[in-house]
Structures are given as C-alpha cells and as structure tokens.
Amino acid sequence: MAPKLPPHHPVEQSTSATAGGQASVHHAPPPGILRWLLTTNHKEIGSLYLIFSLIMFFIGGIFALVVRAELFQPGMQLVNPEFFNQMTTMHGLIMVFAAVMPAFTGLANWMIPLQIGAPDMALPRLNNFSFWLLPVAFLLLLSTLLMPGGGPNFGWTFYAPLSTTYAPPSTTFFILSLHIAGISSILGAINIIATIINMRAPGMRMMDMPLFCWTWLITAFLLIAVMPVLAGVITMMLMDINFGTHFFNAAGGGDPVLFQHLFWFFGHPEVYIMILPAFGIVSAIIPTFARKPLFGYASMVYATAAIAILSFFVWAHHMFVVGLPLAAELFFMYTTMLIAVPTGVKVFNWITTLFRGSITFEPPMLFALAFVVLFTIGGFSGVMLAIAPADFQYHDTYFVVAHFHYVLVPGAVFAIMAGVYYWLPKWTGHYPNVKLAQWHFWLSVVGVNLTFFPMHFAGLAGMPRRIPDYALQFADFNLVSSLGAFMFGASQLVFVAVVILCVRGGERAPAKAWEGATDLEWSVPSPAPLHTFETPPTFRRHDAADLPAP
Amino acid sequence: MTDPQHRPTQPNPGVQRTVMRTVAALVGMFAFAFALVPLYDVFCRVTGINGKVDTTAQALVHEEVDDSRYVTVQFITRNGSGLPWNLEVETRQVRLHPGQSAEVDFAFHNASSDGTWGRAVPSVSPSNATRHLRKMSCFCFEEQHLEAGERLELPLVFQLARDLPPEINTVTLVYTLYPVAGDEAALQARATGDTGDEA
C-alpha cells in the first residue's frame with residue numbers, strides 16, 4: 001500500500017529554486033501506516049485516491065467479467081439470476097462511485113495545487129478525512145454481498161420500489177455506504193473550490209488557469225449542487241424502508257415515478273461529473289503533443305459551463321417511457337439535443353488544435369486521441385437516444401449499455417489513463433515504459449471496441465439489459481462482447497505493470513518532461529518534491545508581452 | 001506538517017468565506033430535494049400529469065352535451081400487493097358523450113378471514129384527460145373497512161367534461177387496491193420474507 005512516491009526528502013526542496021527557495025524544516029512524517037493515515041499532503045492524498053481507485057477499478061472489473069462470462073452464451077451457465085443482478089448493480093456502483101470519481105479527485109489533488117502554484121489544498125485535514133471515508137464506504141458496500149439476502153440487486157439506479165419494498169435486507173447498509181461516499185465527494189468538492197478560488201499564484205486570473213482546473217471547478221459546483229439531492233433521495237428510501245413513510249409507495253399516496261425524477265435530477269449532472277474533468281485532461285494533453293496552444297481556450301471554458309448548466313434541464317430523457325406528457329417529452333428531447341452543441345464545440349477545438357500541429361504519439365497522446373474518437377461515437381449514440389420517439393425502442397436495451405460504456409470507458413477511463421501517463425514523470429521522476437504502454441493502449445482500444453461495439457447491434461435488435469439470459473439470435477454479438485471484455489480486463493494488468501515499473505525506475509524525466517508542456521506543474525522538479533510552491537511562483541501569461549505592465 | 005513559522009496563524013478568510021457559502025449551498029440543495037416532493041405533487045395535480053386525480057368530490061356541472069362524438073371510458077381494477085380483497089366492476093366500459101355523467105357500481109369483497117382496512121387508489125390515462133374527469137362521488141375518496149368475507153357495493157359517479165380534448169377517444173380509469181397503514185407491518189414482513197432466503 002505504500003509505494004515510494006512521492007520521495008520524502010525535505011532536502012530536495014531547498015535544491016529547487018522554482019519550488020520555494022527557503023530551506024524550511026519539516027517534521028519527520030510518522031512511521032509506517034500512520035504516515036498514510038494522517039497525511040495532509042495533497043500529493044500523498046492524491047496518490048492514495050489513485051491507488052484506491054485502481055483497486056476498485058479491478059474489483060468492479062471482476063464483477064463485470066462475471067456478468068460477461070454468464071452472457072458468453074445463451075442459457076444459464078455460471079451464476080443464478082439473483083447473483084447476476086447483484087453483479088450488474090455492484091459493477092455500476094463501484095465503477096461510478098469508487099473508481100471513476102475518486103480517480104478524478106486523486107488527479108485533482110495531485111495536480112490542481114501544482115497547476116495553480118499553491119502549496120497545498122486549502123483544507124488539508126479535510127482532504128485527509130474525505131479520502132479515508134472512501135475505504136469505509138466501499139468496504140461496507142462490498143460487505144453487503146456476504147449478508148443474508150445478498151447485496152443490492154436493483155441496478156445501479158436503484159429505482160423504487162425495487163430498492164424499497166422489494167429490496168434485500170442489506171439495502172440499509174447500501175444507503176449508509178452511499179451516504180458516506182457522498183459526504184466524501186462533497187468534502188472533496190468544497191476543498192477544490194476553496195483551493196481554486198483562493199490560492200492561485202499571484203497574477204493568475206481565472207481565465208489563465210489550465211483547463212483541468214476549470215473543468216474541475218465546474219465539476220465541483222455540480223457536486224455541491226447534486227450530491228445533496230442524492231443524499232435526500234436515499235434518505236427518503238431509508239425512511240420508506242424503516243420508518244413507514246410513503247415517499248415512493250403508491251399505497252400511501254407516494255409515487256415511484258417521483259423517485260426517478262429525483263434520482264435523475266442527481267444522475268444526469270452526475271454523468272457530467274464523470275466526464276468534465278476528462279475534457280480538462282484531454283485539453284492539456286492534445287496541445288502538449290501537437291505543440292500548439294489549445295485552440296479556443298475561452299470557448300472551452302464557456303462550453304464546459306454550458307454543459308454543466310444544461311445538465312440540470314435534461315434529466316427526464318432517462319424516463320421517456322414512464323408516461324410523460326407530450327410537452328415534457330419534447331422539452332427534454334430538445335434540451336438534450338442542445339447539449340450536443342457545446343460538446344461539439346469541444347471536439348471541434350481539439351481537432352483544430354491538432355490541425356497542422358507537430359504531432360507525436362507518446363502514450364498519453366495515444367489515449368487522448370482515442371478519447372476524442374471513441375467519446376464522439378458515444379456522443380452520437382447519445383443523440384440517437386435523445387430522440388424521444390426512437391428512445392421508445394432503445395430504452396433499456398443493450399444500445400443504452402453500449403452508449404454509456406462508450407462515454408465512460410474509452411471516455412472517462414481512457415482520459416484518466418491518459419492523465420496518469422501524462423503526469424507519471426512528474427509523480428515518479430521516470431518516464432513510463434513506452435513499449436509496454438503501447439501494448440496497453442492497443443490491447444485496450446481493441447478490447448474496448450470488441451466489447452461495446454457489438455452491443456449497439458444487440459440493443460437495436462432488441463436485447464434487453466440486466467437479464468442473465470437472452471434469445472439465440474443475440475449469441476454471436478454476446479460472444480464477441482465477452483471475448484473483448486476479457487481482453488480489455490487482462491490488458492489492464494499491463495497498465496498496473498507499467499505503473500509499478502515507472503515507480504521503481506525507468507528513463508529519468510526532467511522537470512519539463514514533455515517538450516510541448518507549458519503549465520506551471522512542469523516548473524517544479526521531477527519527481528515533484530513533497531512540498532512545492534511554499535513561496536508562490538510568479539505567474540507569467542503566455543501573452544504577457546501584449547498586456548500593459550501591472 | 002510545515003514549520004510553525006510557515007503555518008498560517010489564522011485561516012485564510014477567503015477560504016473561510018468559500019466554505020461558508022458552499023456549505024450554505026449544500027444545506028439549501030438538501031432541503032430542495034425534500035421540497036421537490038410536495039412541489040412535484042402540486043405540479044402533477046395542477047397540470048393533471050401522471051394521472052393523479054383530485055381526491056375530493058366535485059360538483060356536477062350542467063353543460064351542453066356534445067353528441068357529435070362518443071368517448072369510451074374503461075375501468076380496470078387490480079390488486080396491489082398484500083391485500084386479500086377483490087374489486088370488481090359491473091361493466092368494463094361505458095360509452096358517453098362529453099358532458100354526460102354516469103354511475104358505475106364497484107363491488108369490494110374481502111376474501112380473507114380478518115377484517116381489514118383498504119383503499120382504492122385511482123389513476124387516469126391518458127394523463128391529459130385527468131382534469132376533464134369530474135368525480136361527484138367515489139369510493140376512492142375514503143378508506144374502506146371490510147369484515148371477513150364481507151361484500152360491499154359502492155358507486156362511482158362521474159362526468160366527462162365537455163371540453164375534453166378532441167384527440168382523446170378513450171379514457172382509462174385504473175383502481176389499485178392497497179392496504180391501509182397499520183396493515184403495513186404485515187405487508188413488509190411478507191415482502192422481506194419473499195426475498196429473504198435467496199443467499
């Protein structure tokens with residue numbers, strides 16, 4: 001659990017002129033596990049988040065492989081339907097709340113203070129607390145699998161009454177774990193907002209920040225806005241289950257459809273919480289390896305904000321078939337399609353940044369380019385799903401599964417991996433092994449497309465999601481999907497190998513590890529010393545020459 | 001973990017202000033989530049969305065009958081979980097002109113050996129017909145008590161409003177039987193009993 005990053009020598013601090021200057025004396029960290037339990041250092045906490053997320057990525061991945069193994073051929077093979085339901089549910093919950101979200105928070109912890117020239121996060125102790133809530137939350141969630149009646153089996157969207165009247169007894173534990181994970185995200189969001197707003201280097205305006213900071217700031221606002229709604233929904237569930245209320249129970253005057261409205265009012269901004277930081281990472285990587293400044297920086301910021309605001313007005317596109325009135329169907333159909341506009345602005349800007357650039361294909365760039373192409377495919381199937389009359393056929397089929405896996409796996413997950421490859425030299429002082437990284441990339445790209453592309457066809461042909469068996473005509477698509485899934489899963493072991501090798505050694509990286517990189521994090525030595533920017537750096541804009549002297 | 005010299009003696013006021021504001025926003029959004037419950041209810045009642053019907057008796061309005069067209073009003077009855085009652089309707093459907101009123105009898109029967117309280121919860125489909133269906137008298141306005149084996153006939157008196165949108169040719173009224181709180185514990189025990197032994 002304790003890899004040797006980041007190195008822990010206060011001496012290195014004083015050798016770097018850019019990173020502080022004064023040789024300050026630091027207390028020695030407590031020994032052993034206490035160092036990690038008590039750390040308030042943003043870099044150590046960032047590493048903890050990333051390691052936790054990687055472990056959870058594998059646990060959630062194993063659940064997915066159980067699902068894919070069962071679906072390898074028609075008929076019931078390996079698991080009973082109840083366990084199959086628990087696997088689909090837990091896969092979704094773990095991947096969303098324990099893998100993707102903590103990975104982005106980890107990257108934010110590591111990189112935001114470095115990118116804005118701050119010595120640490122604004123609230124370091126809160127930062128420690130918000131991380132250590134996560135293992136508690138997800139150990140609790142995973143433990144429900146061993147309880148009588150099994151773990152959550154109602155899908156990651158936990159629709160009432162499946163999750164209330166008909167839920168397994170362990171649902172109360174599920175609610176508690178989601179509450180804890182929600183508090184963790186909220187505290188992380190408060191910390192990020194406080195850091196970005198108050199701790200930028202002197203001279204750095206908001207519109208000078210790297211886009212990763214911008215997208216995370218907007219993501220943090222989304223978290224503040226919708227995590228309390230999630231907390232409210234699961235509290236209502238808790239009261240329906242244990243205290244005899246009828247929020248979602250028609251017998252007592254409640255309404256199960258209300259659950260879906262409340263859930264998706266949280267749930268749709270939540271899907272942008274999982275993709276906006278990815279936009280930020282890709283917007284850092286593409287200019288670096290195209291050796292051109294990002295095209296349309298301001299429009300990127302406004303597009304991100306537009307996506308965030310629109311996300312509050314589209315939730316019912318998840319509910320086109322619950323019996324909405326025609327006016328609501330049309331409203332949510334049009335607002336959903338409107339989101340394609342700011343998203344299109346982003347894709348346009350990335351492509352224009354690449355246009356006539358001096359492009360090289362280092363591992364982070366490979367993942368970033370795959371992100372642009374494959375995320376756009378996911379975006380297109382999203383536009384198809386937005387068409388209300390068409391959605392009546394696609395709803396709850398594998399087409400939906402294909403859509404959101406395209407935006408989440410080669411979308412969010414590839415962006416996280418791109419970010420890891422991009423910043424590993426800064427974290428460890430070594431470049432990741434290029435050959436292995438290329439193997440990882442190509443196996444992942446082929447695996448991901450083999451897994452999810454056939455799901456489009458299976459879904460269009462009518463295969464329903466969340467069912468452990470299927471009609472014979474879907475057999476070939478599912479066979480390909482399952483093979484692809486195992487290939488993708490296995491190729492992530494290569495990723496682990498790359499990271500471990502990179503921590504242990506490899507080609508040494510200079511402070512500015514990538515030729516085209518310009519942001520502030522590349523001005524501190526590689527590996528980044530434990531304490532950086534204790535004296536704020538002087539920030540110079542790229543276009544400083546054009547501006548009058550302050 | 002920094003030297004006391006470097007540790008800020010008091011928290012950054014900007015950070016404090018940001019934290020206060022975000023916490024206020026958090027509390028506000030949590031309250032908003034709960035406020036959405038009554039808001040949703042009011043919204044649905046006002047607009048008639050979701051087939052939620054007014055549960056108070058309305059007055060018969062004397063208006064000219066539109067005999068240029070017929071509208072079919074269908075009745076569906078069904079049992080929610082946990083109440084051993086039957087609800088039957090004397091006729092599955094009636095044909096009316098908009099503006100006409102009608103009376104239909106429903107028969108409740110308690111098939112169990114205990115006296116229990118139950119309630120029939122109505123729902124109208126399509127939902128934009130909800131506001132155009134006036135109920136002068138309905139068993140769904142109150143809860144019923146049936147002794148063991150008791151059979152009870154209750155009328156529904158309703159009127160189709162003259163201004164029913166022209167595209168609506170069929171209105172479906174669904175009544176779902178639910179046990180009334182108090183029998184809730186029994187329902188809960190049954191539900192968990194059903195799912196309890198799948199390990």
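How far apart should the ends of helix 10 of chain A be at 1.5 Å a residue, and why does the model agree? In this predicted model, the helix covers residues 297-310, and its 14 residues should span 20 Å; the end C-alpha atoms sit 20 Å apart, so the two values agree. The expected span here is 1.5 Å times one less than the number of residues, and helices (H or I, at least four residues) and strands (E, at least two) are DSSP runs numbered from the N terminus.

A word on bookkeeping. Residues count from 1 along each chain as its sequence is written, while chains are lettered from A and ligands numbered from 1 in the order in which they are written. Because the model is predicted, local features need pLDDT of at least 70 and side-chain atom pairs count only at pLDDT 80 or more, whereas totals for chains, interfaces and linings use all residues.

Back to helix 10 of chain A, whose buried residues are Met300(A), Ala303(A), Thr304(A), Ile307(A) and Ala308(A). Seen down the helix axis, these fall within an arc of 135°, so they line one face of the helix; the arc is taken over the directions from the axis to the C-beta atoms. Buried means that 20 or more other C-beta atoms lie within 10 Å of a residue's own, exposed means 12 or fewer, and partly exposed is in between, with C-beta atoms placed from the backbone. The buried residues of helix 10 pack against helix 7 (211-242), helix 8 (256-273), helix 9 (276-290) and helix 12 (340-354) of chain A.

Helix 9 of chain A is mostly covered, with 15 of its 15 residues buried. From first C-alpha to last, helix 9 reaches 21 Å, close to the 21 Å expected at 1.5 Å a residue. Helix 9 is followed by Arg291(A), which lies in the loop between helix 9 and helix 10. The phi of Arg291(A) is positive, near 55°, in a residue other than glycine. Arg291(A) counts as partly exposed because it has 14 C-beta neighbours inside 10 Å.

Most residues other than glycine have a negative phi, and most peptide bonds are trans. Phe158(A), in the loop between helix 5 and helix 6 of chain A, has a positive phi near 35°. Phe158(A) counts as buried because it has 24 C-beta neighbours inside 10 Å. The loop between helix 5 (124-143) and helix 6 (171-198) also holds Pro161(A), and the peptide bond from Ala160(A) to Pro161(A) is cis, with omega near 0°. In chain B, the bond from Ser125(B) to Pro126(B) is cis as well, with omega near -5°; Pro126(B) sits in the loop between strand 5 (116-125) and strand 6 (133-137).

Chain B has two helices and nine strands, in the order α-β-β-β-β-β-β-β-β-β-α along the sequence. Of its 199 residues, 24% are buried. Among its contacts (C-beta atoms, placed from the backbone, within 7 Å) with a separation of 6 or more, 77% join residues 24 or more positions apart. An automatic or database assignment divides chain B into domain 1 (13-47) and domain 2 (52-192), whose C-alpha centres lie 37 Å apart.

As for confidence, the complex gets an ipTM of 0.83 and a pTM of 0.87 from the predictor. The mean pLDDT (per-residue confidence, from 0 to 100) of chain B is 79, and 81% of its residues reach 70 or more. Over residues 1-6 of chain B, pLDDT stays under 50, and over residues 183-199 of chain B it is below 50. Where pLDDT is low, the predicted coordinates should not be read in detail.

Definitions and conventions
Contact = placed C-beta atoms within 7 Å. pLDDT = per-residue confidence, 0-100.
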